[in-house]
Every structure is written in C-alpha cells, then in structure tokens.
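Here is a friendly look at pockets and salt bridges. Let us start with the structure itself.

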Amino acid sequence: EYLASRFEMDSPIHVQPLDPTSHFAMIVAWLPSAVSATVEKAKDRTLTLVRKSQFKLIVRLDSLSNYAYVIKNPRGKEVARFDSADHHQVPYGPDHLHPNLPKSKSVQPSFTTGTPMIDVNGILEVLETKEREFAIES
C-alpha cells in the first residue's frame, strides 16, 4: 500500500488492521505453543504464560502502540520488559527493552511492533537468556 500511495496508483492489496479483540484472540490461540508455555490466565487483553522453567511471560496488548511483554523469574521478580511507553530517549523508539531488571534501569531499542507474531523471536531470545542466567545463579 505504501508503494501504491507513493506512485499514486490503486493498491493491489487491501489491508485491514485487526481490531484489538480479534488480535488478542489470535495471540491467545497461537503464542503458547510458539514459546512452549501454558496459559495461566487470559483476561482484559493480558495473557500470562508459564514455561516449564516456571518463568512467566506476561503479554499486555492494549493496542499496537500500547503494549508490554514482561518476563518474570520463578520467584516472581520482573527480570526484563519490552514496552512501548514513550518515556525514554532511545534511538528507534519509543519501543524499548529493559534487559536487566531490577538491577539496572538502562534501556535499549527493542525493535518490537506490538504484535507477538512478529516479535516472538526477540521475546524468546531474552526469555531464554534469563532462564540460563537464573539456572547459573541458583
């Protein structure tokens, strides 16, 4: 659609964004198997998943521009978070990653989009890193 608009022609593709409820339902159906987790809770556009390691992935999808992916260790401590809040100066923001919570308040660009189907590889990379670090510390 961008190219059609740019060259002032009709688009051969007509894209309609999903409404937030349909987007959330699709994520609830797809994401647990994609991250090897079970559903603990799915309510109010927030999905809580639990992995075999007892790490939790909490996915809040208020909209494509208002979301968070929170990773908690088995002790319930938040250890990393991706979010879209526009409260940090990051290149390529506002989407960003807090990679070392609660130890550090530093952030870095996350290059996330607000749809887990696109963001899943980045989420898994951080989640698996945190699981390895926890296993070494324990």
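## Ground rules

A salt bridge here is a side-chain nitrogen of Lys or Arg within 4 Å of a carboxyl oxygen of Asp or Glu. This is a predicted model, where local features need pLDDT of at least 70 and side-chain atom pairs count only at pLDDT 80 or more, while totals for chains, interfaces and linings use all residues. Residues are numbered from 1 along each chain as its sequence is written, and side-chain values use heavy atoms, with hydrogens and water left out.

## Salt bridges

The structure holds 7 salt bridges. In one of them, Lys103 pairs with Glu137, and their closest N and O atoms are 3.6 Å apart. Lys103 sits in the loop between β6 (96-98) and β7 (108-109) and Glu137 in helix α3, so the pair ties together parts that are 34 residues apart in sequence. Helices (H or I, at least four residues) and strands (E, at least two) are DSSP runs, numbered from the N terminus. Both Lys103 and Glu137 are exposed; that means over 50% relative accessible area, with buried under 20% and partly exposed in between (1.4 Å probe, protein chains only).

Glu40 and Lys56 also meet through their side chains, at 3.1 Å from N to O. This pair links distant parts of the chain, with Glu40 in strand β1 (residues 37-43) and Lys56 in strand β3, 16 residues apart. Glu40 is partly exposed at 47% relative accessibility, and Lys56 is partly exposed at 26%. Elsewhere, Glu78, Arg81 and Asp83 are linked in a network of salt bridges.

## Within helix α3

Lys130 is buried, with a relative accessible area of 8%, whereas Glu133 is partly exposed at 31%.

## Pockets

A pocket is an open set of points on a 1 Å grid over the protein atoms alone, where a 1.4 Å probe fits, with protein on both sides within 12 Å along at least five of seven lines; lining residues have an atom within 4 Å of a point. The largest pocket holds about 240 Å³ of space. Its lining has 16 residues, of which Pro17, Leu18, His23, Leu64 and Thr115 lie nearest the centre.

The second largest pocket holds about 180 Å³. Its lining includes Lys103, Lys130, Glu133 and Glu137, and α3 gives the largest share, 4 residues.

How values were computed. Grid points are joined across faces, edges and corners, and a volume is the space filled by probe spheres set on the points.
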